[in-house]
Amino acid sequence: MDGFLLNAIIYILAAIICVPIAKKLGMGAVLGYLLAGILIGPYALGFISNEGEGHDIMHNAEFGVVMMLFLIGLELEPQNLWKMKSLIITVGLTQVLVTAALISGVGIALGLDWRLCLAAGLSMALSSTAIVIQSLKEKNEMGSPGGKMSFGVLLMQDIAVIPILALLPLLAVAAAGVQGDSGSHGILENQPGWIQTLMIFGAIGMVVLLGRFGFGPLLNWVSKTKLRELFTASALLIVVGIAFLMELVGLSPALGTFLAGVILANSPYKHALESDLDPFKGLLLGLFFMAVGATINFTLVVNEATSVISITLGIIILKTLILLVIGKFKKLRLSENLSFALGLSQVGEFSFVTYAFALQLGILTQANSDLLMAVTALTMTATPLLMVVLDKLIQPKLIKESLGNNRKMDENIDGKNKVILIGFGHFGSTLGRFMRANGVEATILDADPDQVDFLRKMGFKVFYGDGTRLELLHSAGAEQAEILISAIDNTEHSLKLVKLCKEHFPHLEVMIRAKNRYDAYEMMEMGVKNVYREHLDTSIRMGEDVLRKLGFRAHTVHRLAKQFKEYDEEALKVLVEYKGNQDEYISKVKKQIEMQESLLSGEQMRKFSMNDHAWDSDVMKDPQK
Amino acid sequence: MRKILVLFAHPKYEHSDANHALIQSIENLENVQIRDLYELYPDFNVNKQEEQEQLFQYDVIVWQHPFYWYSCPPLLKQWIDLVLEYGWAYGPGGVYIQGKYIFNAITTGGSTEVYSHKGRNRYTISEFLRPFEQTAKLCGMHYLPYFHLGGTHRISEPDLLKKADEYRELIIQLRDSELIPIEPNLQNH
């Protein structure tokens with residue numbers, strides 16, 4: 001296939017077709033990109049005629065990984081990183097060392113060259129940051145104990161890339177200098193060791209210094225021009241510049257940008273940088289995964305099917321087992337431990353980098369490298385599929401089992417509750433406590449397993465899990481319940497819940513917490529009658545206290561607050577009806593604002609609302625008039 | 001020296017010159033405590049325990065309020081309903097406010113003359129106040145003659161101040177005199 005534009009069309013089309021399908025099937029975007037790559041690769045449709053082309057694209061698209069690490073760094077403030085140090089060191093380091101040792105050990109035991117085994121073992125110990133973080137985010141599990149541990153492991157693996165890349169040349173030396181020319185590797189090659197070391201420290205120091213004192217003023221200066229694209233360009237310059245510097249001294253560009261990201265995490269430009277670079281990262285990563293898919297050598301896979309499949313399975317099983325042991329040691333519950341272990345069981349995208357490097361150094365032969373790449377791509381393809389199986393088939397059973405005993409007991413005592421409360425955070429827990437204080441028990445659903453444990457100890461009837469799942473609502477007794485309360489602060493989940501209830505449990509009275517006016521609109525449009533804006537009561541209550549502190553009479557303020565709240569709720573209902581017709585909506589909004597203003601100015605006149613003639617004796621004083 | 005508790009109920013005190021004058025005339029007196037019920041319980045959620053403890057400490061109680069529809073504003077009724085509890089204020093064991101003195105201090109828009117058998121309101125004020133009188137009686141309290149500030153719609157500033165002084169004198173007298181005469185039918189003219 002010739003022509004840049006045509007190629008671009010093929011890649012983008014493949015992605016646009018495959019990724020949504022993969023997502024629909026619950027497999028996640030990464031797998032979608034991999035499949036798209038396989039589809040356009042030499043072994044399916046053949047748009048990419050040879051693996052070399054795929055490799056080239058992959059090499060270019062590796063930059064997506066570099067960007068991703070910059071963005072990950074941005075998310076991590078150094079204090080937080082410091083707080084995670086025990087997790088990173090104990091869990092992460094154990095995982096990397098034990099996995100690398102075992103994989104290498106097995107290889108050596110099979111009689112392979114130890115250098116090859118060590119290089120492969122170290123590479124394969126790493127998991128795919130892109131796949132894991134993506135799927136954790138999709139499942140909203142970043143904050144769960146398992147999610148945190150996954151993140152710790154991934155961070156350690158990211159850090160481990162430096163020593164691994166540093167170690168590989170030593171293996172090459174040990175490989176008796178087969179390779180005379182080790183390729184394009186920096187200006188430092190022919191320098192003596194101490195200069196190399198010095199230069200490396202110098203480069204890292206430079207990144208730190210630039211991050212601290214250089215980038216801030218640069219971004220500040222650029223942002224003053226108010227040209228958005230210039231800011232984006234500066235963000236790209238930072239990433240590309242650091243990557244270049246790192247490559248110059250032979251360090252991992254990904255790690256350099258990660259470091260710069262961490263340093264910039266405290267800067268006021270954090271969010272602007274994130275939002276500007278995110279699309280680039282997304283596209284490049286997508287391209288990277290497509291290239292990975294396209295480079296899988298299916299001839300090899302078919303010819304050496306047994307070894308490829310057995311190695312793939314072996315790696316997944318080995319990595320999963322090691323992680324399971326670590327998870328067990330860290331007291332993760334079984335269901336969580338399984339998703340933690342299986343989630344991290346693939347070989348990561350960094351290994352493509354290390355294979356390429358090791359190939360240059362002559363540690364791997366082309367055949368080795370092809371085999372390893374096939375295995376890696378297969379693990380990356382297999383784990384998302386395995387995760388789907390785990391989530392859809394095994395997890396529900398496990399959760400049922402672990403909660404089964406208690407649930408049976410509850411049923412025997414008092415049957416199902418009339419109220420189902422979804423979400424037991426600050427909002428939900430206050431609500432739940434209030435109901436309980438008045439003798440109303442609710443069936444509570446929460447997605448945080450620790451919270452669930454705690455609540456069960458307190459005697460609450462709690463189910464673990466995402467309240468927007470139909471089966472869970474069934475088992476929570478949605479058929480018999482009368483009221484369903486959503487106290488979750490995620491609007492999308494709330495809307496999903498409303499839809500579910502409408503479809504499957506139309507008899508339920510749905511009461512919903514809304515974040516703000518706009519969410520409330522949306523919910524009211526869907527026909528929810530009971531919408532509770534979370535700030536409304538508190539802000540008015542605070543206003544009441546302000547007025548009282550200023551000397552207003554308590555009862556008067558109490559009545560005014562009540563009126564104001566009713567007025568505000570009423571105004572919202574009126575607006576909802578006109579929202580469909582934009583023009584009318586806007587004029588309505590205007591009218592409401594005018595009304596609110598007149599109400600406000602009326603209140604300012606100390607005689608309060610013009611309509612409030614309660615206990616007003618002025619009119620009676622001159623009855624003849 | 002007796003201790004006096006004024007239970008004051010006015011839903012819109014900020015608009016009432018008459019009640020301002022009355023309250024101002026007594027608010028700095030020694031041993032006289034004013035409880036502004038609408039300020040304390042804007043949501044009508046009367047704290048029964050607190051009110052009973054307060055009530056118990058005083059010898060003379062004043063229900064001071066505007067006379068709305070021949071009765072008291074609703075929060076004072078709420079107070080009566082919640083605080084004068086069975087078994088505490090009356091009934092078996094309800095002995096805690098026995099022997100205290102109590103009376104209504106009211107303001108009316110209409111003048112005294114309209115509250116007569118020949119007047120527009122057809123009954124006298126003491127007849128309208130019968131429920132309060134009987135409430136006091138049931139709790140074993142001595143019900144004293146009411147204090148009345150009438151014609152507040154048209155009252156002149158000097159007259160209002162004169163009335164306020166009268167109120168102050170009455171309160172001081174109840175606080176300091178050796179004996180409070182109890183003549184059950186005194187007010188029924």
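The secondary structure of chain A consists of 26 helices and 6 strands; the model is a predicted one. Of the 625 residues in chain A, 47% are buried. When contacts in chain A between residues at least 6 apart in sequence are taken, 72% of them link residues at least 24 apart.

**A helix pair in chain A**

Two packed helices are described by the angle between their axes and the distance between the axes. In chain A, helix α21 (residues 491-504) packs with helix α22 (residues 517-525) at an angle of about 10°, and the axes are 10 Å apart. Because angles under 35 degrees count as roughly parallel, α21(A) is roughly parallel to α22(A). The crossing of α21(A) and α22(A) is right-handed. The residues that meet are listed by helix below.

| Helix | Residues in the contact |
|---|---|
| α21(A) | A:Thr491, A:Ser494 and A:Leu495 |
| α22(A) | A:Asp519, A:Glu522 and A:Met523 |

By class, the contact of α21(A) with α22(A) comprises 2 nonpolar, 2 polar and 2 charged residues.

**A residue in chain B**

B:Leu161 lies in helix α7 (residues 157-176) of chain B. In sequence, B:Leu161 and B:Ser25 are 136 residues apart, while in space they are 8.6 Å apart, C-alpha to C-alpha.

Terms used:
Residues numbered from 1 in each chain as written. Chains lettered and ligands numbered in written order. Predicted model: local features only at pLDDT ≥ 70, side-chain atom pairs only at ≥ 80, totals over all residues. Heavy atoms only, no water. Axes fitted to C-alpha atoms, helices over the stretch in contact; angles between N-to-C directions. Helix = DSSP H or I, 4+ residues; strand = E, 2+ residues; numbered from the N terminus. Parallel < 35°, antiparallel > 145°, perpendicular 65-115°, else oblique. Left-handed = near helix turned anticlockwise from the far one by under 90°. Contact = heavy atoms within 4.5 Å. Nonpolar A, V, L, I, M, F, W, Y, C, P; charged D, E, K, R; others polar. Buried < 20%, exposed > 50% of the residue type's maximum accessible area, 1.4 Å probe, protein only.
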